[in-house]
Amino acid sequence: MASRREFLKLALAGSGAVVTTPVAAAKAEEKSKRWGMVVDLRKCIGCQACTVACSVENQVPEGQHRTAVPVYELDGPGGPSQAALPRLCNHCDEPPCIPVCPVNATFKTDQGNVVVDAEQCVACGYCVQACPYEARFINHKTGVADKCTFCIHRTDMGLLPACVETCVGNARVFGDLNDPGSEVRQLIASHETKGLRPEFKTGPNVYYIGLDDKLASTVSVGGGARDLRQTNQSAAHEEA
Amino acid sequence: MSAVDLMSFDHEIAWRPWAVAYFLLIGTAAGAGLLMVCTRLLLKQAAQGALVVAASFALASGLPLLADLHQPARFLHFYMGTSTSSIMWWGSWILPLFIASLLLLALLRGMRMEQELSGLEQMLTAVSGLLALCILGYTAGEMHAVAARPLWASIGFPITLTLSALMSGAGATIAYDHLRGVSGPGRGMLVISGAVTLIAFGIWLLNDPDLSRVAADQAPVTIYLVFIGAGLVYPMLMIAITKSNCLLSVSSGVAAVLGALAFRWATFMGAQLTSKTETAMYDEIHLDTHEVLQVFLGSAGMLVLCLIVLSVFLRVLANRTNAQTQA
């Protein structure tokens with residue numbers, strides 16, 4: 001027969017289990033999530049609403065971007081066509097930015113977000129060099145490495161990332177890649193999707209529908225906006 | 001060309017000119033350190049100049065290294081955890097050990113004036129040599145590991161970076177020794193490393209489209225001309241022709257260091273101006289800006305200060321040791 005003390009212990013343990021089980025279950029469910037994004041380029045019109053929404057939401061300094069939508073003119077059999085390509089951190093399965101960090105300031109969360117610990121970062125810029133997607137930068141305001149977090153502060157509260165919520169054409173879709181019923185999984189299952197820079201074998205978790213092969217790997221551009229700006233800057237420097 | 005960019009976005013170069021100065025100073029220190037080790041252990045000669053140059057360059061490299069961090073006050077974070085997958089983390093341990101070994105060796109040498117090697121000095125010299133090799137390995141490996149920068153990830157880059165560091169170390173030692181009126185070691189190392197650098201760089205330039213593209217598009221051709229002409233050919237010719245001409249020897253040594261600087265500037269800045277996604281617009285850092293002036297004057301000033309302090313300190317120490325011996 002159990003003593004009174006043992007009985008109380010059992011009773012407390014039992015009540016604790018009753019109270020913590022839903023929390024533990026929710027935590028386990030949260031842990032089993034793996035965030036990903038599908039960008040349907042057929043719907044993207046290059047309006048930059050996502051660029052602006054991200055900058056406002058994350059207070060990114062002027063002139064710097066966690067996401068942006070460069071626009072290209074592509075040559076095709078039917079003549080030139082316009083292509084908008086939203087770029088952001090790909091939250092890779094094998095992110096090249098993490099192993100190079102000398103102070104372990106950048107890491108992957110349980111849900112797969114690649115994030116930076118701003119208190120730990122020494123801003124050596126090594127991760128900026130290592131990222132093949134040019135998704136990282138040294139933030140002017142904070143003085144540390146900065147990048148897209150899939151709006152982790154929003155997703156933790158059950159909200160969508162700012163860029164997804166603002167996308168007027170629903171070109172950006174965000175969800176749990178581990179959930180077979182999620183919209184992202186269904187889109188991936190029903191469409192041919194591609195990732196950027198497959199040659200680096202980083203396992204990106206941003207999938208593109210309708211991505212032109214010319215834009216998937218190293219893009220060879222010329223005679224465009226950058227050329228014009230570079231020429232203007234060189235001229236301005238020479239004048240100065 | 002497969003596309004025309006209609007809209008591009010600004011990015012900034014992450015490794016600023018301070019990084020160029022750091023890699024020059026630490027590479028030169030490692031080159032001079034290896035010269036000192038070879039001269040001391042194999043030829044059994046003093047190599048005082050090489051030791052002072054190695055220690056001064058290594059000590060001075062701390063300034064551009066910290067200045068290149070955007071959060072220099074957090075440098076202790078390197079030592080508060082382990083990140084064995086990062087070559088930079090290994091470098092953060094190798095660098096202070098290298099500096100400490102050179103300073104200890106200089107102190108020991110200043111306190112003992114006789115030519116023969118003591119056991120402790122022999123051991124410290126060997127450790128310094130090993131750490132100099134580690135410095136060369138980590139600096140080349142740190143950049144070679146960046147697959148996203150094809151220029152740095154190519155085979156030719158770490159080889160040329162290392163060889164030019166050896167040449168710069170030999171050049172700095174020759175210049176320093178001649179300035180203090182001593183004909184020290186380094187001539188052979190300068191000629192051999194210069195010739196091998198020239199061959200390696202030539203093969204790399206002819207075979208690597210990334211390098212030739214960067215050379216043609218991003219970095220001014222004059223910088224490559226400085227590297228090849230003033231940095232490699234001129235010192236080799238002068239050292240081979242002249243034996244004891246002070247002015248020509250000093251100018252050859254300085255030219256070798258400037259050549260190493262030109263190579264680092266061209267490849268560090270040129271590679272970073274190349275957008276990895278061909279979408280970002282990088283603002284070029286011109287040589288005549290206040291930032292570059294600050295880097296060069298700051299680094300050179302720190303270097304001269306270290307050279308003077310170390311030279312004077314060793315002289316005072318040697319005089320005191322001599323006086324004690326005579327007494």
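In which sense do strand E2 (residues 71-74) of chain A and strand E3 (residues 81-84) of chain A pair, and over how many bridges? They pair in the antiparallel sense, over 4 bridges. This is a predicted model, in which local features need pLDDT of at least 70, side-chain atom pairs count only at pLDDT 80 or more, and totals for chains, interfaces and linings use all residues. Residues are numbered from 1 along each chain as its sequence is written, chains are lettered from A and ligands numbered from 1 in the order in which they are written, and side-chain values use heavy atoms, leaving out hydrogens and water.

- Helices (H or I, at least four residues) and strands (E, at least two) are DSSP runs, numbered from the N terminus; two strands pair if DSSP finds at least two bridges between them.
- E2(A) and E3(A) make a hairpin with 6 residues between them, and A:Gly79 in the turn has a positive phi of about 100°.
- Within this pair, A:Leu74 sits opposite A:Ser81 in E3(A).
- The open sheet here has 3 strands in the order E3(A)-E2(A)-E1(B), and its pairing is antiparallel.
- E3 of chain A and strand E1 (3-7) of chain B are the edge strands, each pairing on one side only.
- From one strand to the next, the twist averages 30°.
- In a regular strand the side chains alternate between the two faces of the sheet.

**A sheet in chain A**

- Here 4 strands form an open sheet in the order E8-E1-E10-E9 (chain A), and the pairing is mixed.
- Its edges are strand E8 (172-176) and strand E9 (193-194) of chain A, each of which pairs on one side only.
- Strand E1 (residues 35-40) of chain A pairs with E8(A) in the antiparallel sense over 5 bridges, with A:Gly36 opposite A:Gly175 in E8(A).

**Helix packing in chain B**

- Axes are lines fitted to C-alpha atoms, for helices over the stretch in contact, and angles run from 0 to 180 degrees between N-to-C directions.
- Helix H4 (residues 87-111) of chain B packs on helix H5 (residues 119-144) of chain B at an angle of about 150°, with their axes 9 Å apart.
- H4(B) is therefore roughly antiparallel to H5(B) (angles under 35 degrees count as roughly parallel, over 145 as roughly antiparallel, 65 to 115 as roughly perpendicular and the rest as oblique).
- The contact of H4(B) with H5(B) involves 17 nonpolar, 5 polar and 3 charged residues (Ala, Val, Leu, Ile, Met, Phe, Trp, Tyr, Cys and Pro count as nonpolar, Asp, Glu, Lys and Arg as charged, and the others, Gly among them, as polar).
- H4(B) and H5(B) cross in a left-handed way (the near helix is turned anticlockwise from the far one by less than a right angle; clockwise would be right-handed).
- Helix H1 (residues 17-42) of chain B and H4(B) pack at about 45° with axes 12 Å apart, so H1(B) and H4(B) are oblique to each other, and their crossing is left-handed.
- Helix H2 (residues 48-60) of chain B and helix H12 (residues 290-326) of chain B have axes that come within 8 Å and cross at roughly 135°; H2(B) and H12(B) are therefore oblique, in a right-handed crossing.

**Cavities**

- The structure holds 6 cavities of 30 Å³ or more (on a 1 Å grid over the protein atoms alone, a cavity is a set of points where a 1.4 Å probe fits but cannot get out, and lining residues have an atom within 4 Å of a point).
- The largest cavity has a volume of about 110 Å³, a volume being the space filled by probe spheres set on the points, which are joined across faces, edges and corners.
- Its lining has 15 residues, with A:Cys44, A:Ile45, A:Cys47, A:Cys50 and A:Cys167 nearest the centre.
- That lining divides into 10 nonpolar, 3 polar and 2 charged residues.

Key
1 Å grid on protein atoms, 1.4 Å probe; cavity = no way out; pocket = protein on both sides within 12 Å on 5 of 7 lines; lining within 4 Å.
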